[in-house]
Amino acid sequence: MRIARLLTLSALAFATPSVAAPPSKPAMKNPATKKPAEEKPTQEKPFDLEAETRAWHQKRIANLTSEDGWLSLVGLHWLKEGDNRVGSAEDNEVVFPSGTPAHLGTLTRKGGTVTLSVQPGISLTRAGQPFTGGELGASEGEQDVLALGSLRFYVIRRGERLGIRVKDAEAPARKQFHGIPTWPVNASWRVEGRFEPAVNPRKVPVPNVLGTVDEMTSPGTIVFKVNGEEYRLDPVQESPTDPLFIIFGDLTNRTDSYGAGRFLYADPPKDGKVVLDFNRAYNPPCAFSPYATCPLPPPQNRMKLRVEAGEKRYGDH
């Protein structure tokens, strides 16, 4: 990102040298002199729920529609042990979108490692530098993203499975995106809950769209009330300083919101309290692409309640 700098030119003032005056005695303090007025503390800007929610959602849409956002996802291919040929031709094990080379190369899986051998004449880059073949990182945060025109692809790991995730900046889903409908912002859906910490951070089973179950760490339970009725949600958290991540389902999933549930983040508990702002409940990536690997609400997070706040269902999903 280019940062603009403001350069200010100031004139230099020159004075004729003069003889310094002898030092004078320090002035006596006048008891009648008023003390300088104390500075008043700056008042915090009032919280504007409507404006804050709108700004949050604009940032959310910007991330979703970015060149490597979830709308650019066009493929997910699980690798078998051994060789997996790659390219747009139908005789490949990993079939890329049309417009890419018919035979790009071969992905070879050996246990937990994946290497790519590239066909001569194919121009791939990694981190902006030419890539002619080699091992690909598969750990979260350490993926080697390879680029070919508008296409990007990299290895992902899900349990014992290794796959190739493919994104395309020119994907129809990105180009044809028309916004996400939402419920009107409503202060009654910004709820303060009581946090009941677990004696020890516990593992909770969280199902996913792949049909498997992941064990995630939950630091406790959020207890809150809506219309006098009490509800409980188990968040998950990667570390004690990270936000709480809530995967929840509610009765709007049947008709108005995404059928597989929604996501919500909340700040870590403060003084035993957690604020749940359901105006920021949003659709998981699976609401936009069949190639995402989303977690699903655990049974205890499926509420018999209509949460008419946040994002509604997108398109036909």
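Modeller: First, a term: buried means under 20% relative accessible area, exposed means over 50%, and partly exposed lies in between, with a 1.4 Å probe and protein chains only. This is a predicted model, where local features need pLDDT of at least 70, side-chain atom pairs count only at pLDDT 80 or more, and totals for chains, interfaces and linings use all residues. Residues are numbered from 1 along each chain as its sequence is written, and side-chain values use heavy atoms, with hydrogens and water left out.

Now the cysteines. Cys 286 and Cys 294 are both buried. They form a disulfide, with 2.4 Å between the sulfur atoms. The rule for a disulfide is a pair of cysteine sulfur atoms within 2.5 Å. By that rule the count is one disulfide. The torsion about the S-S bond of Cys 286 and Cys 294 is about 115 degrees, so this disulfide is right-handed.

Next, the strands. Helices (H or I, at least four residues) and strands (E, at least two) are DSSP runs, numbered from the N terminus. Two strands pair if DSSP finds at least two bridges between them. Strands of a sheet pair through backbone hydrogen bonds, either parallel or antiparallel.

Start with S12 (residues 190-207) and S13 (residues 213-226). They are antiparallel, with 10 bridges. Phe 195 stands opposite Ile 222 of S13. The two strands form a hairpin, with five residues between them. Gly 211 sits in that turn, with a positive phi of about 90 degrees.

S13 also pairs with S14 (residues 229-233). Here five bridges join the strands, again in the antiparallel sense. Val 223 has Arg 232 in S14 as its bridge partner. S13 and S14 form a hairpin too, with two residues between them. In this turn Asn 227 has a positive phi of about 55 degrees.

Then the open sheet. Five strands lie in the order S3-S2-S4-S5-S8, and the pairing is mixed. S3 (94-95) and S8 (133-136) stand at the edges with a single partner strand each, so one side of each has no neighbour in the sheet. S5 (residues 113-118) pairs with S8 in the antiparallel sense over four bridges. Leu 116 has Gly 134 in S8 as its bridge partner.

Last, the helix residue. Thr 53 lies in helix H1 (residues 49-64). Thr 53 is buried, at a relative accessible area of 7%. Contact means heavy atoms within 4.5 Å. Leaving aside neighbours within four places in sequence, Thr 53 is in contact with Val 185 and Asn 279.
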